[in-house]
Amino acid sequence: MVDELLFFMEVLVGGLLAGTMYSLVALGFVLIFKASATFNFSQGAMVFFSVLAFCGFMQDFNIPFVLAFILAALLMVVVGLCTERLVLRPLMNASEDTVLMATIGLGYVLEGLAQAAWGVEVRRLDLGIGDFPVPWIADNLKLFISALDITAGLVAAIMIIGLFLLFKYTKIGLGLRAVADDAGAASSIGIPLKHIMLLVWSAAGVVALVAGMMWGARAGVQFALVDLALKALPVLIIGGFSSIPGAIVGGLIIGATEKILEVYIGPFFGGAIEGWAPYVLAIFFLLYRPEGLFGEKIIRRV
Amino acid sequence: MKPVFMTYTKKDLINLAVCMVLSVLIIPTFIKTEYWYTSILIPWLCLALATIGQQIVMGYTGQLALGAAGFMAAGAFAMFNLILRVPELGFIGSLAVSGLIAAAFGILFGLPSLKVRGIYLMVATLASQFFIIWMIDKFGWFKNYDSSGIITAQDIVILGKPFTTPLAMYFVCLAVTAVLTLLAMNMARGSTGRNWMAVRDMDIAAESMGVSLLKTKVQAFAISAFYCGVAGALFAFCYLKSLEPVAFDIKLSFKILFMCILGGLGTINGAFIGAAFILLFPVLLNSVGNNVFHGAIDATIISSIEQVIFGLLMIIFMIYEPLGMAKLWENLKQKFGSKLTSSNIKNLKSSLSKKF
């Protein structure tokens with residue numbers, strides 16, 4: 001009995017921590033959605049692009065870790081700048097579906113550029129944190145929990161707190177919220193719209209880089225990261241598109257449910273149900289609470 | 001639902017005749033190389049058919065769906081099992097039934113569209129994509145317990161006659177695509193299509209006019225999935241000649257989405273234009289890479305460039321012409337058409353004669 005409970009705990013904690021990895025990707029979506037009501041479908045591609053750039057700097061040019069990180073972050077700022085200038089500004093008055101399509105196109109561009117510049121083969125990324133159980137926890141609590149999972153959890157927590165403080169207590173955050181509420185009104189009282197957009201896209205780029213580093217350390221830096229990032233979509237639906245805590249809670253729910261279902265129900269169906277289970281879970285959420293757990297209620301005006 | 005065959009104008013009939021002569025007489029007499037049939041014309045027809053399916057749900061009904069490849073897989077594997085287990089149905093019968101099976105999936109996964117729209121619906125339809133592929137992959141029955149993972153498709157036999165040469169397969173695809181395209185055009189022009197468009201343009205207004213949202217949306221999803229299912233079956237049996245779930249992954253769904261959007265949302269001819277472009281552009285790029293640069297550029301670089309160009313085109317079209325290539329074509333026709341009408345020429349002549 002105790003063993004079973006321990007096993008369940010292990011699955012649960014592993015799932016929750018793996019869920020924070022989804023949260024990290026979802027965070028980038030939320031940032032952009034919050035500030036511009038734009039759904040950025042290219043967030044997954046940004047994860048892939050940024051971490052591949054980071055790996056490229058580090059492995060091809062032998063640039064040290066910190067410098068490579070800064071360079072990759074700067075590159076993401078440039079990407080944000082170009083996106084704001086070349087994609088978002090011309091589409092200022094377009095419908096949200098049109099902007100969504102354009103971000104799908106942007107995703108294709110980023111994926112293609114990344115592969116053209118740094119090749120298609122899978123790269124190993126060693127952050128110096130092993131993806132194996134921490135001995136101390138294994139000895140004392142008899143739970144096998146990967147060090148990488150714990151790091152991802154910590155990093156996610158730090159980023160959430162930072163972003164939360166930014167949105168809540170700084171003048172920039174106030175501007176961000178104003179722009180999200182009504183871009184026209186915000187710009188008419190003198191909030192510089194393009195600076196805000198640039199800032200948000202750069203922040204989303206850096207978040208993507210961090211998320212990519214975590215995923216890359218686990219699964220290798222490869223094209224499959226883009227598909228993994230798609231799983232951030234059910235996370236967002238569960239948590240709500242405009243809520244930072246929602247991204248976290250959604251990630252935790254998806255991570256935990258997916259692992260528990262996989263371990264306890266998966267064997268009856270031949271396994272690998274984690275490929276679709278999050279999406280089906282998201283459908284059920286959509287039927288009962290379309291705005292997500294923390295999202296603002298969707299009101300459509302006629 | 002009233003049949004609308006009568007409302008064809010003279011122009012439509014001329015277009016139809018030109019397309020038929022071109023595809024039935026001219027192409028088979030002038031194109032003799034197998035490569036053209038097996039690698040370009042057959043996949044073009046199949047993918048155009050799937051894109052029409054995507055058009056119905058996205059271009060006409062305005063529902064953002066991203067799971068065309070899932071329904072194609074459902075159709076393809078339904079076809080395989082029907083031919084294997086119910087041989088009495090024959091090829092055409094099996095094709096129709098596999099379309100219906102795909103339509104059943106379409107109804108099931110289209111139901112969330114009653115509640116949500118936009119990106120939310122997109123996520124819900126992604127569930128169908130992943131679920132259908134997983135189901136086929138995990139339950140051996142669908143693959144007739146074949147362990148190799150790739151099953152060879154059965155030969156196409158219609159009324160006792162084998163259709164195995166590329167040309168014969170081309171005709172099979174052509175016939176099916178032609179019939180379904182005409183049907184789609186009819187639906188789009190008739191009351192069905194008007195309901196779809198009413199829901200697309202403003203669902204609340206449509207509902208208050210008495211258009212049932214439930215019926216219209218579910219119908220659109222069902223018909224869309226039917227088209228995708230039939231296209232998937234043709235794609236597997238005429239083009240791939242094998243069945244494997246991996247061939248119908250999310251990448252194919254994105255490809256069909258691109259064909260639909262770049263071709264032109266809400267147009268049937270846009271489906272053909274878009275499919276042709278997405279299919280031919282990589283071929284062109286590869287031949288440029290091989291002939292101009294003599295293989296100096298790596299194949300992976302070429303495919304990356306292709307991806308970048310597709311993405312850029314998507315952005316450019318969204319900014320400058322959200323209605324896609326079909327609208328560009330329309331604009332071109334208008335520009336040159338208005339210059340060349342007979343009255344214009346007469347005016348031109350008279351003004352010229354006055355001058356000189």
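**Entry 1: two helices in chain A**

I began with helix H6 (residues 147–169) and helix H9 (residues 193–219) of chain A. They pack at an angle of about 175 degrees, with their axes 10 Å apart. Axes here are lines fitted to C-alpha atoms, for helices over the stretch in contact, and angles run from 0 to 180 degrees between N-to-C directions. Helices (H or I, at least four residues) and strands (E, at least two) are DSSP runs, numbered from the N terminus. H6(A) and H9(A) are therefore roughly antiparallel to each other. I noted the cut-offs: under 35 degrees is roughly parallel, over 145 roughly antiparallel, 65 to 115 roughly perpendicular and the rest oblique.

This is a predicted model, in which local features need pLDDT of at least 70 and side-chain atom pairs count only at pLDDT 80 or more, while totals for chains, interfaces and linings use all residues. Residues are numbered from 1 along each chain as its sequence is written, and chains are lettered from A and ligands numbered from 1 in the order in which they are written.

Next I listed who meets whom. H6(A) brings Leu148(A), Ala152(A), Val155(A) and Met159(A). H9(A) brings Val207(A), Val210(A), Met214(A), Ala217(A) and Arg218(A). Two residues are in contact if their C-beta atoms, placed from the backbone, lie within 7 Å. By class, I found 8 nonpolar, no polar and 1 charged residues in this contact. Ala, Val, Leu, Ile, Met, Phe, Trp, Tyr, Cys and Pro count as nonpolar, Asp, Glu, Lys and Arg as charged, and the others, Gly among them, as polar.

**Entry 2: a glycine in H6(A)**

I looked up Gly153(A), which lies in H6(A). Is Gly153(A) buried or exposed? It counts as buried, with 22 C-beta neighbours inside 10 Å. The rule: buried means 20 or more other C-beta atoms within 10 Å, exposed means 12 or fewer, and partly exposed is in between, with C-beta atoms placed from the backbone. Not counting residues up to four places away in sequence, Gly153(A) touches Leu17(A) and Thr20(A). I also checked Lys259(A). Gly153(A) and Lys259(A) are 106 residues apart in sequence and 16 Å apart in space, C-alpha to C-alpha.

**Entry 3: an enclosed helix**

I turned to helix H11 (residues 232–239) of chain A. In H11(A), 8 of the 8 residues are buried, so the helix is largely enclosed by the rest of the structure. Its buried residues pack against H1, H2, H10, H12 and H13 of chain A together with H5 of chain B. Gly240(A) follows H11(A) and has a positive phi, near 105 degrees.

I then followed the link to chain B. The axes of H11(A) and H5(B) come within 10 Å and cross at roughly 125 degrees. That makes H11(A) oblique to H5(B). Their crossing is left-handed. A crossing is left-handed if the near helix is turned anticlockwise from the far one by less than a right angle, and right-handed if clockwise. Leu233(A), Pro234(A) and Ile237(A) meet Tyr120(B), Val123(B) and Leu126(B).

**Entry 4: where the chains touch**

How many residues does each chain give to the contact? Chain B gives 32 and chain A gives 40. On the side of chain B, H5 (119–138), H10 (250–263) and H12 (299–320) give two or more residues each. H12(B) has the largest share, 13 residues. That side has 25 nonpolar, 5 polar and 2 charged residues.

**Entry 5: a helix pair in chain B**

I looked at H10(B) with helix H11 (residues 268–291) of chain B. They pack at an angle of about 120 degrees, their axes 7 Å apart. That makes H10(B) oblique to H11(B). The crossing is right-handed. Among the residues in contact are Phe258(B) and Met259(B) of H10(B) and Gly274(B) and Phe277(B) of H11(B). I counted classes too: 9 nonpolar, 3 polar and 1 charged.

**Entry 6: positive phi in two loops**

Most residues other than glycine have a negative phi. I looked up two residues with positive values. Asn144(B) has phi near 55 degrees. It sits in the loop between H5 and strand E1 (151–152) of chain B. Asn144(B) is partly exposed, with 13 other C-beta atoms within 10 Å. Lys241(B) has a phi of about 60 degrees. Its loop runs between helix H9 (213–240) and strand E4 (242–243) of chain B. Lys241(B) counts as partly exposed, with 15 C-beta neighbours inside 10 Å.
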